[in-house]
Amino acid sequence: MTTPEVGSRVPSADTLLTGTTSPGAVGAPFDAEAVRHDFPVLHRPVNGHPLVWLDNGATTQKPRQVIEALGAYYGVANSNIHRGAHTMAREATALFEESRTAVAAFLGAPSPEEIVFTRGTTEAINLVAQSWGRDNLGPGDEILVPVLEHHSNIVPWQLIAKERGARVVPVPLLADGTIDQDAYADLLSYRTQLVAVSHASNVLGTVPPLREMIALAHRYSATVLVDGAQAVAHFPVDVQELDADFYVFSGHKLFAPTGIGALYGKPELLAGMRPWQGGGNMIESVDFGETTYAPVPHRFEAGTGHIAGVVGLLSALKWLGALDRDAVVAYETALMDYAQQALSAVPGLELLGSAPERIAVLTFTLAGVDPSTVAEWLDRDGIAIRAGHHCAQPALRHFGLESAARASFALYNTPEEVDTLVSSLSRLRQQAG
Ligand code: PLP
């Protein structure tokens, strides 16, 4: 990585975020091999083998453009934002706000003022639960949460429900891992204040019919929060088309740094929400008599945020924006079909869930082998997958399991890597007898 010399250039987004044109620009066919050149870590060996990174559901790897943007930011542009009167503060603030504009465009939000930066999905959900939830949930109210949700889209609702005397109501799954839409329709009522649902499941890959689910919830005047943590890296999102009330995601699952994410909220909802955390940046005026708060979104951004992370997120969005995302979707779908078929041929391997709409996440068990043993075996071959409950215990228990193995794919994975995975699993199976 080359860090620019101090003073070598004025740090606007155009100069700081260099090299954001990736192979496979819009209109060109998607070329995973070319994209792999952008990811230095994919070229390191692990345990004497080329790395096969199939733990993208946990976090994605970062393109060099993002890595270099972080170095460049600290090299020539580091300053706190919003409060300084000097050139560096103004430049850093401009970058920060440019990232907010880019996130709004990325989500199809009408205005950057509807975007709040958070540490990630978990913090964004907690923000909504603690701020919106405190004023909008009361005794007897219900929060509908599908059984397949990540713990971070269950526990914050349990916490606020307990405090407010409301109830978290699980929406059951069908055998294929889809949300039972009949049960969902039956459970919705005027008691339903909120539906919290993921745009793509981290354990089953399920992509629910969100537009229909949101429209149905709105008939009962319920608010809908969509957890986009797993969705955003896989397909384009449009919060207006979905008519989502809140939409949240994490940068680190989107080729951006850890510790940065965003909350989208409809302006009328954000405007009515009380501050969550208090501190600098989020106030208009502080007095021991009365303190007044900054308008949204700054009202929800107390303290010094992860400014470099915000710049890294901007870089990741520019990098992703240079790709033809429809071509990426087609590539990942073909890759998942290939992986699904290849894995099904491994004796004793059982895949969990078979939703018709899904992202490239394949969770499985191997007869007679503990999932953690599967992960350790694959690691010896340089293959990184995840084993455990995947922070989705209710979803796994739906299949009678406490633990499973998961291979989760990103746009830089290849059919050859699927072959390596399948070959290693077949050898393990043979050895297990
Ligand atoms: N929601 C889903 C569907 C996830 O997969 C994850 C992380 O795995 C989260 C929420 C939590 O994301 P984070 O830990 O980045 O806040």
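In the ligand site, an N or O atom in the side chain of Thr122 is 2.6 Å from an oxygen atom of the ligand. The structure is a predicted model, in which local features need pLDDT of at least 70 and side-chain atom pairs count only at pLDDT 80 or more, whereas totals for chains, interfaces and linings use all residues. Residues are numbered from 1 along each chain as its sequence is written, and side-chain values use heavy atoms, with hydrogens and water left out.

For His150, a polar side-chain atom lies 3.3 Å from an oxygen atom of the ligand; for Thr121, a backbone N or O atom lies 3.5 Å from one. The protein covers 84% of the 390 Å² of accessible area that the ligand has on its own (Shrake-Rupley method, 1.4 Å probe). The residues surrounding the ligand are Gly57, Thr121, Thr122, His150, Ser152, Asn202, Asp227, Ala229, Gln230, Ser250, His252 and Lys253, a residue being counted if one of its heavy atoms lies within 4 Å of the ligand. This shell divides into 1 nonpolar, 9 polar and 2 charged residues; in this classification Asp, Glu, Lys and Arg are charged, Ala, Val, Leu, Ile, Met, Phe, Trp, Tyr, Cys and Pro are nonpolar, and the others, including Gly, are polar.

Several backbone features fall in loops. Val296 and Pro297 are joined by a cis peptide bond with omega of about 5°, and Pro297 is placed in the loop between β12 (292-293) and α11 (307-321). Helices (H or I, at least four residues) and strands (E, at least two) are DSSP runs numbered from the N terminus. Asn47, a residue other than glycine, has a positive phi near 55° and is placed in the loop between β1 (45-46) and β2 (49-50). Asn47 is partly exposed, with a relative accessible area of 48%; buried denotes under 20%, exposed over 50%, and partly exposed the range in between (1.4 Å probe, protein chains only). Ser221 also has a positive phi, near 60°, and is placed in the loop between α8 (210-219) and β8 (223-227). With a relative accessible area of 58%, Ser221 is exposed.

Under the salt-bridge criterion (a side-chain nitrogen of Lys or Arg within 4 Å of a carboxyl oxygen of Asp or Glu), the count comes to 17. In the bridge between Glu417 and Arg36, the closest N and O atoms are 3.2 Å apart. This pair links distant parts of the chain, with Glu417 in helix α15 (residues 415-432) and Arg36 in helix α2 (residues 32-36), 381 residues apart. Glu417 is buried at a relative accessible area of 6%, and Arg36 counts as buried at 9%.

A salt bridge also forms between Arg167 and Glu142, with the closest N and O atoms 3.0 Å apart. Arg167 belongs to strand β6 (residues 167-171) and Glu142 to strand β5 (residues 142-146), so the pair ties together parts that are 25 residues apart in sequence. Arg167 is partly exposed at 48% relative accessibility, whereas Glu142 is buried at 6%.

For the salt bridge between Arg211 and Glu241, the closest N and O atoms are 3.7 Å apart. Arg211 lies in helix α8 and Glu241 in helix α9 (residues 239-242), so this pair ties together parts 30 residues apart in sequence. Salt bridges that share partners also join Asp55, Arg386 and Arg406 into one network.

Conventions
Polar contact = N/O pair within 3.5 Å; in protein donor to acceptor, adjacent residues only side chain to side chain.
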